[in-house]
Amino acid sequence: MAFIEICDISKSYGDNAVINRLTMSVDEHQVVSIIGPSGSGKSTLLRCINGLEAIDRGEIRIRGDRITGSGVDVNALRRDIGIVFQSYNLFPHMTVLGNVTLAPIKVLKLSREAAEQQAMVLLARFGLAAKAGEYPDRLSGGQQQRVAIVRALAMDPMVLLLDEVTSALDPELVSEVLGIVRSLAEEGMTMLLATHEMGFAREVSTKVCFLCDGSVYEEGPPEQIFGDPARDRTRAFLRSIRDAKRI
Amino acid sequence: MERISRHTPREVAGESGSARRLNIGGIPTAPTAMFLVVLSIVVVVEAGSLYTIRELWAALRLAGFESWFVAGASALLALASVLIALPLTSAFMRWRDVRRAIARNDVVAARIARSDALNRCWITLGYIFAQFIAALACQFLLANNQAVAKTFFLVPLMVESFPLVLKAFWVNVEIFTVTEILVLIWGLIVALAMLAPGTAGKPLRVIAATYVDVFRAIPAVLVIYLVGFGVPLTGVPILKDFSLTAFVIIALTLTVGAYVAEIYRAGIQSIHWSQAAAARSLGLSHLQTLRFVIVPQGVRQIIPPLLNAFIALQKDTALVSVVGVIDSFNQSMLIATNHYNLSAVTTVAVLFIAISIPQSRFVERMMQRDRARLRGVVV
């Protein structure tokens, strides 16, 4: 039994079917990259997994527990599923430390001291200890995104969803964020990442899924998808990426 | 056939050896007409101003204010009115510079001087216009043998009635202070009800929206009248024993609460949904998200409109006179009736101005500090 099982799910906004009978599975300690053209449903898929979007059909299971449909405590679910957004979404009225400790204190009911201690350990690990007292708008994009990752990690999630975490960053700041993701992968953190960083996806993932028109068009180990894709549209997509010199 | 245009290809390519010139006009002319117009306006308004100041002085002397202070103040005022000559003179100097530069055939210097001269002409016009308005206002006060001044600004009466008016003004202060605190809480409750989620929240949303619609539509003075006179008549237990002041506070809270609820709602909705998404995906509940993420940010957005609503509320406390609360307006009207003179009412106006301006400045500074804290902007 896979760690996350996504079985035949669909999601549409009005007439626009964003996810269309998508099936996919993620094993524990795996890093799965989701690639595909824009509008192929990558972000929506991640948002469905942590319950930010309700799905119209099918179901998603984690360790065999159904996490979609009625009767699911989404607040409890989200404690164990971290998500990091493309636009960081830090809380601008709180310091870095406040951002990181808010959920541990209010949701996990940790004491302020315990939460701050844990947050400082995480911040120090990612080179952000000096920024603990700063407000997000004073940080660079790369620093903000690293704080956002730390904020998700502070909840000690079972799985981390990364939604194009480097797409809003200036090129020279991308590596500092990818460095964190790489070290998390080495530790065995289960991750799903929607990404346009093909080189990084190839290096870090155990499995790559090419999404097209809301379903998995082709999946396989990175060497196969990037080296020898079996299907036309995967090839066309990778060729266009290669032409844009993004690999 | 060669294309006929302002910039033929050859010209652009510079084939003939002459590079294309930027066409921003040749040597300028001196802005003589503009300067003369400004000069004549200044002369007329200045004459009027000096005449007005003389009249003002005479009026004050007649009213028994003959002292070195009044004479000195009038002289200072006259001197201040002559200060308009400064920008006018510098406009003239620069106008002369234009003429000289033209004589030297120095295009750049002429352009700069002309631009300066025009700019100074406009500055002079701006100031002389303000002086004109001030002189006009003085003339209005002095009109009809100073009838206007005596009706609205009878200083002895203002001084004499001031303690009484000030004491009554505390009633206004008390009413609006309590109302503001209540409104802050009540408005937030209504706003949160308007944003109650899901099907379960729908009845709440409808009730809240109806309340806002109804109480924004009814004139405040009607609500005060209905609550202040009506509720005691109904004899409802507990409620009927409230004081008149309590009734008008309730009435004002109901009215202003509807506005403030809308302000809160706008502030909350101005926070991008991604903030809520981030908070919810950390496991925070709907209420926790509002409490710790959305409302603290929304409140920052709403402080300026909230201040507007509060200043409006402070002014509206003068409406409580309709149910017989002896506030400053009511008190001043009594004085006005007794003395057949409105000066005490002017005192009330001055008091309202005096409390409103510091609030605006305070809020501005507070916002600036907050922005600096979050953004690192140097104040």
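Colleague: What covers the buried residues of helix 10 of chain B?

Modeller: The cover includes helix 2 and strand 6 (81–84) of chain A, together with helix 11 (286–316) of chain B. Helices (H or I, at least four residues) and strands (E, at least two) are DSSP runs, numbered from the N terminus. This is a predicted model: local features need pLDDT of at least 70, side-chain atom pairs count only at pLDDT 80 or more, and totals for chains, interfaces and linings use all residues. Residues are numbered from 1 along each chain as its sequence is written, and chains are lettered from A and ligands numbered from 1 in the order in which they are written.

Colleague: Which residues of helix 10 of chain B are buried?

Modeller: Ala278(B), Ala279(B), Arg280(B) and Ser281(B), in a helix that runs over residues 273–281. Buried means 20 or more other C-beta atoms within 10 Å of the residue's own, exposed means 12 or fewer, and partly exposed is in between, with C-beta atoms placed from the backbone.

Colleague: And what happens just after helix 10 of chain B?

Modeller: Gly283(B) takes a positive phi of about 100° there.

Colleague: Now helices 12 and 13 of chain B. At what angle do they pack?

Modeller: About 155°, with the axes 8 Å apart; helix 12 is residues 328–339 and helix 13 is residues 343–375. Axes are lines fitted to C-alpha atoms, for helices over the stretch in contact, and angles run from 0 to 180 degrees between N-to-C directions. The two helices are therefore roughly antiparallel, a label for angles over 145 degrees.

Colleague: Which residues meet there?

Modeller: Among them, Phe329(B) and Met333(B) in helix 12 of chain B, and Val348(B) and Leu351(B) in helix 13 of chain B. The contact divides into 8 nonpolar, 3 polar and no charged residues.

Colleague: Chain A overall. How many helices and strands?

Modeller: Chain A has 9 helices and 10 strands. Its radius of gyration is 18 Å, close to the 18 Å that the globule rule gives for 247 residues, so chain A is as compact as a globular protein of that length. The radius is taken over C-alpha atoms, and the rule is 2.2 Å times the number of residues to the power 0.38. Buried residues make up 47% of chain A.

Colleague: And chain B, how many helices and strands?

Modeller: Chain B has 13 helices and 0 strands. Its radius of gyration is 32 Å, well over the 21 Å from the globule rule for 379 residues, so chain B is more spread out than a compact globule. The C-alpha trace spans about 95 × 75 × 40 Å along its principal axes. In chain B, 30% of the residues count as buried.

Conventions:
Angles under 35 degrees count as roughly parallel, over 145 as roughly antiparallel, 65 to 115 as roughly perpendicular and the rest as oblique. Two residues are in contact if their C-beta atoms, placed from the backbone, lie within 7 Å. Ala, Val, Leu, Ile, Met, Phe, Trp, Tyr, Cys and Pro count as nonpolar, Asp, Glu, Lys and Arg as charged, and the others, Gly among them, as polar.
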